[in-house]
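Try each task before reading its solution.

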Amino acid sequence: VSTQSTWGASLASVYEMTLTLQPEDFQHILRILNTNIDGKEKIPYALTSIRGIGRRFSFLLCKKADIDIHRRAGTLSQEEIARLVDIMQNPTKFKIPEWFLNRKKDPKDGKFSQSISNVYDQRIREDIEKLKKIRVHRGLRHMWGLRVRGQHTKTTGRRGRTVGVSKKK
């Protein structure tokens with residue numbers, strides 16, 4: 001096998017290199033908090049596929065759990081996954097500041113928390129239902145199926161039930 005560093009390197013040496021990178025216990029798909037996670041992605045980016053976890057929060061999770069951010073998600077052990085899940089579910093215990101969490105001053109209990117996975121979807125649904133119930137402008141726009149955040153709707157977003165301009169014959 002040739003060990004040249006030029007373009008003439010043999011394919012056999014390239015295949016040898018790729019085979020040694022993947023360990024035996026590598027998992028291609030991980031299941032964390034009812035979400036399938038791609039094992040080929042780097043850990044922080046793989047964690048963002050869980051609803052309610054963004055890039056910054058996932059990098060902070062890895063830092064708090066003492067996990068190298070350059071590793072692939074498929075190389076995580078069960079203990080490391082358990083540590084990550086524990087930090088996700090109780091971020092304030094691990095000194096993650098309140099301003100970093102995605103649920104600030106919950107209207108029901110006034111607490112700061114991090115909503116993830118199914119709980120995140122449930123909280124968003126409850127918030128929209130509350131807006132509809134008290135009949136504020138945002139709730140009405142949600143009810144009518146219109147844009148909520150102040151976008152222009154005269155010419156854009158005509159797909160669906162709105163009919164465009166009809167042609168004259």
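Two strands pair if DSSP finds at least two bridges between them. Helices (H or I, at least four residues) and strands (E, at least two) are DSSP runs, numbered from the N terminus.

A word on the source: this is a predicted model, in which local features need pLDDT of at least 70 and side-chain atom pairs count only at pLDDT 80 or more, while totals for chains, interfaces and linings use all residues. Residues are numbered from 1 along each chain as its sequence is written, and side-chain values use heavy atoms, with hydrogens and water left out.

**Exercise 1. The chain as a whole**

Task: list the elements of the chain in order, and find what share of its residues is buried.

Solution. 
- Step 1: the chain has 6 helices and 2 strands. From the N terminus on, they follow the order α-β-β-α-α-α-α-α.
- Step 2: buried means under 20% relative accessible area, exposed over 50%, and partly exposed in between (1.4 Å probe, protein chains only). By that rule, 26% of the 169 residues are buried.
- Step 3: accessible areas come from the Shrake-Rupley method with a 1.4 Å probe, and for residues only the protein chains shown count as cover. The accessible surface of the chain is about 13,000 Å², and carbon and sulfur atoms hold 53% of that.
- Step 4: contact means heavy atoms within 4.5 Å. Taking the contacts between residues at least 6 apart in sequence, 43% join residues at least 24 apart.

**Exercise 2. The hairpin**

Task: work out in which sense strands E1 and E2 pair, then describe the surroundings of Asn 36.

Solution. 
- Step 1: E1 (residues 29–32) and E2 pair in the antiparallel sense, over 4 bridges. Within this pairing, Ile 32 is opposite Thr 35 of E2.
- Step 2: the hairpin leaves 2 residues between the strands, and Leu 33 has a positive phi near 50°.
- Step 3: E2 (residues 35–38) has Thr 35 and Ile 37 on its covered face, with Asn 36 and Asp 38 on the uncovered one.
- Step 4: Asn 36 counts as partly exposed because its relative accessibility is 49%.
- Step 5: leaving out residues up to four places away in sequence, Asn 36 touches Ile 29, Leu 30, Arg 31 and Ser 49. A polar contact is a pair of N or O atoms within 3.5 Å; within protein, one must be able to donate a hydrogen and the other to accept it, and residues adjacent in sequence count only if both atoms are side-chain atoms. The side chains of Asn 36 and Arg 31 make such a contact at 2.9 Å.

**Exercise 3. Charged side chains under cover**

Solution. 
- Step 1: Arg 103 sits in the loop between H4 and H5, and Asp 106 is in the loop between helix H4 (78–89) and H5.
- Step 2: Arg 103 counts as buried because its relative accessible area is 10%. Asp 106 counts as buried because its relative accessibility is 9%.
- Step 3: setting aside residues up to four places away in sequence, Asp 106 touches Lys 111 and Arg 123. With the same exclusion, the residues that Arg 103 touches include Lys 111, Phe 112 and Arg 123.
- Step 4: from C-alpha to C-alpha, Arg 103 and Ser 113 are 5.1 Å apart, with 10 residues of separation in sequence.

**Exercise 4. Around helix H6**

Task: find the buried residues of H6 and the helix they pack against.

Solution. 
- Step 1: Gly 139, Leu 140 and Arg 141 are the buried residues of H6. They pack against helix H5 (117–133).
- Step 2: just after H6, Gly 145 has a positive phi of about 75°. Leu 146 lies in the segment following helix H6 (137–144).
- Step 3: Leu 146 counts as partly exposed because its relative accessibility is 35%.
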